[in-house]
Amino acid sequence: SVDDNEADAKKKMLMEQFERMDKSYPNGGLAAYIQNAKVLLEQSRKGVNPLEGWKPSIPDGETFELGTEEYSKFEEKGMSEMGKCAFVLVAGGLGERLGYNGVKLALPTELATETIYLQL
């Protein structure tokens, strides 16, 4: 019947999605993802804060005056690189539920360099 065929097609699409997810998660696929989630949930239950001891800081930056030659030079360079950029923005607000008392944009995006969202 049409309903059975549609249900089978949806099941097939779901399995294909699971297969893509399994291949895309590093070091063990979905089984590793589930194991990692269990560990993280247990740590959260115990009150473990993965950011304990981490102190956000304000990065050094540059200030350019609009209309100057220097501003134009860096704007041109930035525009030429724009096609190589991607932007990700986390939801706003504080990171209290994450065990962090500052704004979420001050959290590190990864732990190797501790680069924060605002530095990207």
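**The aromatic pair and its surroundings**

Guide: Y25 is partly exposed, with a relative accessible area of 26% (buried means under 20%, exposed over 50%, and partly exposed in between, using a 1.4 Å probe and protein chains only). The model is predicted, so local features need pLDDT of at least 70 and side-chain atom pairs count only at pLDDT 80 or more, while totals for chains, interfaces and linings use all residues. Residues are numbered from 1 along each chain as its sequence is written, and side-chain values use heavy atoms, with hydrogens and water left out.

The structure holds 2 aromatic pairs (ring centres of Phe, Tyr or Trp, the last by its six-membered ring, within 6.5 Å; planes under 30 degrees apart are stacked, over 60 edge-to-face, the rest tilted). One of them joins Y25 to Y33 in an edge-to-face arrangement, with 5.3 Å between the centres and 85 degrees between the planes. Y33, at 46% relative accessibility, is likewise classed as partly exposed.

N27 lies in the loop between α1 (2–24) and α2 (helices are DSSP runs of H or I with at least four residues, strands runs of E with at least two, numbered from the N terminus). Although N27 is not a glycine, this residue has a positive phi of about 55 degrees, and with a relative accessible area of 78% it is exposed. Helix α2 itself covers residues 29–45, and its 17 residues reach 24 Å from first C-alpha to last, close to the 24 Å expected at 1.5 Å a residue (1.5 Å times one less than the number of residues). Just after α2, G47 takes a positive phi of about 85 degrees.

Turning to the whole, the protein chain has 3 helices and 0 strands. Its radius of gyration is 22 Å, well over the 14 Å that the globule rule gives for 120 residues, so the chain is more spread out than a compact globule (taken over C-alpha atoms; the rule is 2.2 Å times the number of residues to the power 0.38). The C-alpha trace spans about 70 × 40 × 25 Å along its principal axes, and buried residues make up 10% of the 120 residues.

The largest nonpolar core has 6 residues, L51, W54, Y100, A106, L107 and I116 (buried Ala, Val, Leu, Ile, Met, Phe, Trp, Tyr and Cys residues joined through side-chain atoms within 4.5 Å).
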